[in-house]
Amino acid sequence: MNMIRLEKRPSPSKFWAGITPVLAVIATMIAGGIMFWFLGKDPVEAIRTIFWDPLFHETFGPYSRPQLLVKAAPLILIAIGLSLGFRAGIWNIGAEGQYIMGAIVGAGVGLAFYPSDSVLIFPLMVIAGGFGGWAWAMIPGFLKVRFGTNEILVSLMLVYVAESWLASAAQGLLRNPDGQGFPGSRNLARDYPAASNLEIISGTGMHWGVVAAFIAVIFAYVLLSRHMLGFQVRLTGEAPRAARFSGVKPARLILFCLGTSGALAGMAGLFEVSGPAGQISIDFNSGYGFTAIIVAFLGRLNPIGILLAGLLMALTYIGGELAQLMLGLPGAAIQLFQGMLLFFLLAMDVLSNYRIRLGKPEAL
Amino acid sequence: MDLTQINPVLLIASLMVAATPILLAAIGEMVVEKSGVLNLGVEGMMIVGAVVGFAIGVNSGSPALGFIGAAIGGAALSLVFGLLTQYLLSNQVATGLGLTLFGLGLSALIGKPYEGMKSPVLGKLDIPVLSDIPVIGPIFFNHDPMVYVSLLLIGAVWYILKFTRAGLVLRAVGENHEAAHALGYKVIRVRLMAIMFGGACAGLGGAYISLVRVPQWVEGMTAGAGWIALAIVVFASWRPWRILLGAYLFGGVTVLQLNLQAAGLAIPVEYLSMSPYLITIVVLVIISARGQHGAPGSLGRIFHASS
């Protein structure tokens, strides 16, 4: 027999579940440092540029600190939605598509009223954005419930469909009529005050999407710890058979999880397009829908964990841009770095689910 | 619009070329799933295969070496997935997704210096006599060697799964890993080999895109081909010959919409380019509406031998 054995714990260890994300971050820094060294950069300087300088550097800090919230908000908002489904074994991996569709529908509603100055425009856009994402997520939801179609594949295929819609909207339906024929919509953030998602407190990066992300964290926390539906989500993930016997309706749960994650992703898209991105353009989306999957796992599918993970992941984005600027580190290295983080985390999960035993097993 | 520009013979011939990357990736993934493992990292392994194959092809001037390198690259990446899921017992869905995200980043990093370069040309096998037959010749007997390799692979997988002992063990492990373990089969070893075979196939499929189909390196160039390969495995109900059918159907849709774009059909380009994905969804719905036949019993379940 092997010298090292794994022994399943009766229930996952709370201690290890809490400590593994920290260990995974440290392991990623070490492995990432080695990667940066291979790329011909000073590893210590690269890690410092990514994790320290955006927050504490005298010159860059004031510029990058607000960016932290701007980048973290969509990641947290999307990841909170995804985590509900992931807990219940419902895999929505097409958040990127729901994010795009939310942005298109929300911006479309806003642009339809141009140049109105009503205060109702922006709330209406947020609702429309949420609806766009919800409707896009309902496609895999409905197909799963009605026909048992795999939601992983359908939601992902719809990302590519959404990207085509985005290209079409940017060049056709939503194109700026005063834009001399260039693709891209009117700039919501600059030229359309009633539809713009501006900073609430200037200099902090705090926009309405950040507020929504915080609300989502609290909402998810209460749902999971205090509410029947949250209990059913957890039960379905941990013991699907027991869940069925205790009267959980799988169809309802699937539609709830996919719908919520779609709506949150759609709102995230709307906040992005009306604020930081400014306009519907062919490539306004920057892969937040996929990175949010890493955020959800890094946060252990736990609302508070996701809040922290979102901030950390935002830091790697900002620090990555800084490292690109200062050290000429390729942008893809950061993407790789984020992927590594997920791998280390999954690898270390074994510690919370199993005990490691050395030596030969005792005879039974 | 001028539909007469579309030449049916060339259409079928180019359909086979368009289908080959997906065919290669799908047959590999089918073997992985037959062993009871769901690897959602096909897209990541394909894109890494694409960039490794292209880089080696350009540097050595030999597309054949590029393909070999791509297969090794894909298998190496899949080994990461294998170690995580088989020894560290991680969740297969999450690990597969991670593999895709990781592969996209890794390929972008490796591929940066190769953007805008041309790959060496993989010559066509001009099979004498046969390729001169009108209609049939250009359709079947005038392709590059990889098209035939992919077809041979389908046949080989079908034969091995159906008629050999190794195939029987693989299927046993996939259907019921506890029973297979009790019979003394090395579940984890079998699965690791299947995973690496899947990775090598995905790598070949990716390299076919960057070395033959496009032939250039563009970041993110697989554009969902790996996911479509996963869908085709479901469509095929885990049967090799149906993989061939599914991949060629999909290749047909892709080539047809490209031809329609070129012919200047009145439908905007965006709607045509989303059509392959929409048709994949429709096909998935039809298959699932009939009930899932043939999914291996232990698919996606974690195997942990407690004794």
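**Close-up views of a predicted two-chain model**

**View 1. The contact between chain A and chain B.** In this predicted model, the contact draws 37 residues from chain A and 39 residues from chain B. On the side of chain A that touches chain B, the elements giving two or more residues are β1 (4-8), α6 (121-147), α7 (151-171), α13 (288-298) and α15 (331-353) of chain A. Of these, α15(A) supplies the largest share of that side, with 12 residues. Sorted by class, the residues on the side of chain A that touches chain B comprise 28 nonpolar, seven polar and two charged.

**View 2. The crossing of α6(A) with α12(A).** Helix α6(A), which also gives two or more residues to the side of chain A that touches chain B, is shown here with helix α12 (residues 250-273) of chain A. The axes of the two helices come within 6 Å and cross at roughly 145 degrees, and the crossing of α6(A) and α12(A) is right-handed. The contact of α6(A) with α12(A) is made up of 17 nonpolar, 10 polar and one charged residues.

**View 3. The packing of α4(A) against α12(A).** Helix α4 (residues 61-87) of chain A packs with α12(A) at an angle of about 175 degrees, and their axes lie 7 Å apart. Because angles over 145 degrees count as roughly antiparallel, α4(A) and α12(A) are roughly antiparallel to each other. The residues of α4(A) that meet α12(A) include A:Ala73, A:Pro74, A:Leu77, A:Ile78 and A:Ile80, and also A:Gly81, A:Leu82, A:Leu84 and A:Gly85. Among the residues that α12(A) brings to this contact are A:Cys257, A:Leu258, A:Thr260, A:Ser261 and A:Leu264, together with A:Ala265, A:Met267, A:Ala268, A:Phe271 and A:Glu272. By class, the contact of α4(A) with α12(A) holds 14 nonpolar, four polar and one charged residues.

**View 4. The setting of these helices within chain A.** The secondary structure of chain A consists of 15 helices and two strands. Its radius of gyration is 22 Å, close to the 21 Å that the globule rule gives for 364 residues, so chain A is as compact as a globular protein of that length. The C-alpha trace of chain A spans about 80 × 55 × 35 Å along its principal axes, and 54% of the 364 residues of chain A count as buried. Among the contacts in chain A with a separation of 6 or more, 79% are accounted for by residues 24 or more positions apart.

Methods:
Residues numbered from 1 in each chain as written. Chains lettered and ligands numbered in written order. Predicted model: local features only at pLDDT ≥ 70, side-chain atom pairs only at ≥ 80, totals over all residues. Contact = placed C-beta atoms within 7 Å. Helix = DSSP H or I, 4+ residues; strand = E, 2+ residues; numbered from the N terminus. Nonpolar A, V, L, I, M, F, W, Y, C, P; charged D, E, K, R; others polar. Axes fitted to C-alpha atoms, helices over the stretch in contact; angles between N-to-C directions. Left-handed = near helix turned anticlockwise from the far one by under 90°. Parallel < 35°, antiparallel > 145°, perpendicular 65-115°, else oblique. Rg over C-alpha atoms; globule rule 2.2 N^0.38 Å. Buried ≥ 20, exposed ≤ 12 C-beta atoms within 10 Å, placed from the backbone.
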